[in-house]
Amino acid sequence: MSSVSPEERENLIKEWYQTYSSFLHLYASQFVDFHSAEEIVQETFRVVCETADIHEIRYPKAWLRKVASLVLKNWLRAREKWRAILIELEALPEGALGQREDPVNVELEYAGFIKPDELRLLELLSSGYTYADAARELDSTAEACRKRAKRAGAVLEAKLRRCEA
């Protein structure tokens, strides 16, 4: 059992946030836009809140940067996955969807594969929206958008693979 009271733990997390959040934001901003960097910082501190025995961490700045680095890698990997799932027209075999001059309307293209609201979420994410931006657009929370996107992406990917086979 931890020798630190919940209040002490909360104060330590607040202190770290006040001390290191700007540093983490600057670090993340090297790789992503301003708002996405904020999302990376928030996700980093979500991980901190779920970590046991944080009072034993001797070098919090280095540890937080490492956590932010892992969060950033996961964030970038997820972003690439959403882009890959929503296939570009040029990537499809010739004649697979017929010929057209108009840009692909993702909502029409994939209608029926997943629920319309989930498809809208994936479209927002693939166009560069952060989970927080999508949450505001869809009147939800960033965490709910992240979970819904993960589930919807898996379902869409599975259905698209079955269509290819």
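Guide: One term before we start: a salt bridge is a side-chain nitrogen of Lys or Arg within 4 Å of a carboxyl oxygen of Asp or Glu. Also, this is a predicted model.

Visitor: How many salt bridges does that rule give?
Guide: The count comes to eight salt bridges.

Visitor: Show me one. What do the side chains of Glu 143 and Arg 146 do?
Guide: Glu 143 and Arg 146 meet in a salt bridge, at 2.5 Å from N to O.

Visitor: Where do Glu 143 and Arg 146 lie?
Guide: Both lie in helix H7, which covers residues 142-164. They sit three residues apart, about one turn of the helix.

Visitor: Why does that spacing matter?
Guide: An α-helix has 3.6 residues a turn, so residues three or four places apart point the same way.

Visitor: What about Lys 14, what does it pair with?
Guide: Lys 14 forms a salt bridge with Glu 10. Their closest N and O atoms are 3.2 Å apart. The two are four residues apart in helix H1, residues 6-29, so about one helical turn separates them.

Visitor: And how accessible are Lys 14 and Glu 10?
Guide: Lys 14 is partly exposed at 45% relative accessible area. Glu 10 is partly exposed at 44%.

Visitor: Which residues are linked in a network of salt bridges?
Guide: Glu 43, Arg 46 and Glu 50 are. Within it, the side chains of Glu 43 and Arg 46 meet at 2.6 Å, N to O. Those two are three residues apart in helix H2, residues 34-50. Arg 46 is partly exposed, with 28% relative accessible area.

Visitor: New topic. Which residues gather in a patch of positive charge?
Guide: Arg 65, Lys 66, Lys 73 and Arg 77 gather in one on the surface.

Visitor: Where is Lys 66 placed?
Guide: Lys 66 is in helix H3, residues 60-85. Lys 66 is partly exposed, at 45% relative accessible area.

Visitor: Now H6. Which residues are buried there?
Guide: Tyr 131, Ala 134 and Ala 135 are buried in helix H6, residues 131-138. Seen down the axis of H6, its buried residues fall within an arc of 105°, so they line one face of the helix.

Visitor: What follows H6?
Guide: Asp 139 does, and its phi is positive, near 55°.

Key. Residues are numbered from 1 along each chain as its sequence is written. This is a predicted model: local features need pLDDT of at least 70, side-chain atom pairs count only at pLDDT 80 or more; totals for chains, interfaces and linings use all residues. Side-chain values use heavy atoms; hydrogens and water are left out. Patches are made of residues with over 30% relative accessible area and no salt bridge: like charges are joined within 9 Å, nonpolar side chains (Val, Leu, Ile, Met, Phe, Trp, Tyr) within 5 Å. Accessible areas come from the Shrake-Rupley method with a 1.4 Å probe; for residues, only the protein chains shown count as cover. Lys and Arg count as positive and Asp and Glu as negative; His and the chain ends are not counted. The place of a charge is taken as NZ of Lys, CZ of Arg, CG of Asp or CD of Glu. Buried means under 20% relative accessible area, exposed over 50%, partly exposed in between (1.4 Å probe, protein chains only). The arc is that of the directions from the helix axis to the C-beta atoms.
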